[in-house]
Amino acid sequence: METRIIDYFAAKSVGDAAELLRRGETVAFPTETVYGLGANALDPGAVARIYAAKGRPSDNPLIVHIADTAQADELAEVSDLARQLMAAFWPGPLTLVLPARPCIPRIVTGGLDTVGIRMPAHPAALLMLREAGVPVAAPSANLSGRPSPTTADHVWEDLSGRIPLIINGGAAISGLESTVLDLTSPVPAILRPGVITAEALAPFIPGISEETRLPDGGVARAPGMKYRHYAPKAQVILCRPQDIYDTYCRTLQQFFAAGNTEPKIAVLATMQGLTGMAKAEHCFLLGENPEEAAQNLFAALRWTDEINADLVLAESFPEKGVGIALMNRLKKAAKAL
Ligand code: TXA
Ligand code: MG
């Protein structure tokens, strides 16, 4: 299959995407979090194409993307709390898990009786969804086992030849997948941390925390969490910015001692973490703050695989604000979660 890539400000891109979606095809599109691979959520055959293109198991539920809140009522039972959260955070990086209406095919929910819904904030996504006139099921537009794509190039790397169209809407501004909030559990639970934090949700849900303890003593988990989240080929070590230089020197010595005289040690860090590293060859500047690091993290992880790094040293961040979601993805990359 030939894959076309069109800039989103080319008006035609949105029209072409909408037409493909209505015909039951898949389209990769930009959102403010990561790029999604979408198909008509009400057409099981179209949704099956998503799983085929990604090589992803089909029992992992998909998020349904919509362009206006009225559409949510057609897809799910919307509580007063859900309505308040939509008014406060949509369009934006918050997925609400709600009781699904029967119109949602099982292939979308992975057989659950709930459905995750969100309204993305990227103008191209909103225009495409409005024009298509159908809700769009979309996971991140990466091959299964690769990091979520934050640019159209990442999507191209993974899916060219497998899907008909990629809309290029530039680099994703937040760079981490949406916060998934389950409103169907006994107490509302954050299933996946994102840039909308427990602190931001607390005015609506007093007492909510990032790791919700359920009444049975367990910790809430999204079904998708059972699949290995992306981790680079090389081992990842997390270190505080002030420890990166020493860790670099120590691990370099270990490679030398083991007979590897030219190890590729990839360092992913802010300016602060890169202090003293001017001579290190494989450094990736994550940015100046946790927000920029979140934007660049998935690109950085892809790069460590591209250069065939032997080891990755990644800066750790304080777990507050966006740092919570950032550390969640970093710990998964380091297989520490
Ligand atoms: O930012 C995002 O959410 C991106 C963009 C494209 O919108 N999408 C995304 O989709 O990250 P995906 O499929 O890679 O991750 C969806 C997550 C999974 O962890 C899945 O288990 C959870 O949402 N999820 C979806 N529906 C659910 C449901 N009904 N109940 C519990 N968790 C659900
Ligand atoms: Mg994903």
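Two strands are said to pair when DSSP finds at least two bridges between them. In this predicted model, strand β11 and strand β14, the latter made of residues 311-315, meet that description, since they run in the parallel sense and are joined over five bridges. Within this pairing, L238 stands opposite A314 of β14.

The pair belongs to an open sheet of four strands, whose order is β11-β14-β12-β13 and whose pairing is parallel. At the edges stand β11 (235-239) and β13 (283-287), and because each has a single partner strand, one side of each is left without a neighbour in the sheet. From one strand to the next, the twist averages 20°. Helix α10, which covers residues 290-306, lies across β12 (265-270), β13 and β14, and the helix runs at about 160° to β13.

The second largest pocket, with a volume of about 170 Å³, has among its lining residues Y248, L252, P263, I265, K279 and H282. Taken together, the residues of this lining divide into five nonpolar, one polar and four charged.

Charged side chains also bring the reader to another part of the chain. Side chains of opposite charge can pair when their charged atoms come close. The structure holds 11 salt bridges, and one of them joins the side chains of E32 and R118, with 2.9 Å from N to O. E32 lies in the loop between β2 (27-29) and β3 (36-40), whereas R118 lies in strand β6 (residues 114-118), so this pair ties together parts that are 86 residues apart in sequence.

Conventions: Residues are numbered from 1 along each chain as its sequence is written. Chains are lettered from A and ligands numbered from 1 in the order in which they are written. This is a predicted model: local features need pLDDT of at least 70, side-chain atom pairs count only at pLDDT 80 or more; totals for chains, interfaces and linings use all residues. Side-chain values use heavy atoms; hydrogens and water are left out. On a 1 Å grid over the protein atoms alone, a cavity is a set of points where a 1.4 Å probe fits but cannot get out, and a pocket is an open set with protein on both sides within 12 Å along at least five of seven lines; lining residues have an atom within 4 Å of a point. Grid points are joined across faces, edges and corners, and a volume is the space filled by probe spheres set on the points. Ala, Val, Leu, Ile, Met, Phe, Trp, Tyr, Cys and Pro count as nonpolar, Asp, Glu, Lys and Arg as charged, and the others, Gly among them, as polar. Helices (H or I, at least four residues) and strands (E, at least two) are DSSP runs, numbered from the N terminus. Axes are lines fitted to C-alpha atoms, for helices over the stretch in contact, and angles run from 0 to 180 degrees between N-to-C directions. Contact means heavy atoms within 4.5 Å. A salt bridge is a side-chain nitrogen of Lys or Arg within 4 Å of a carboxyl oxygen of Asp or Glu.
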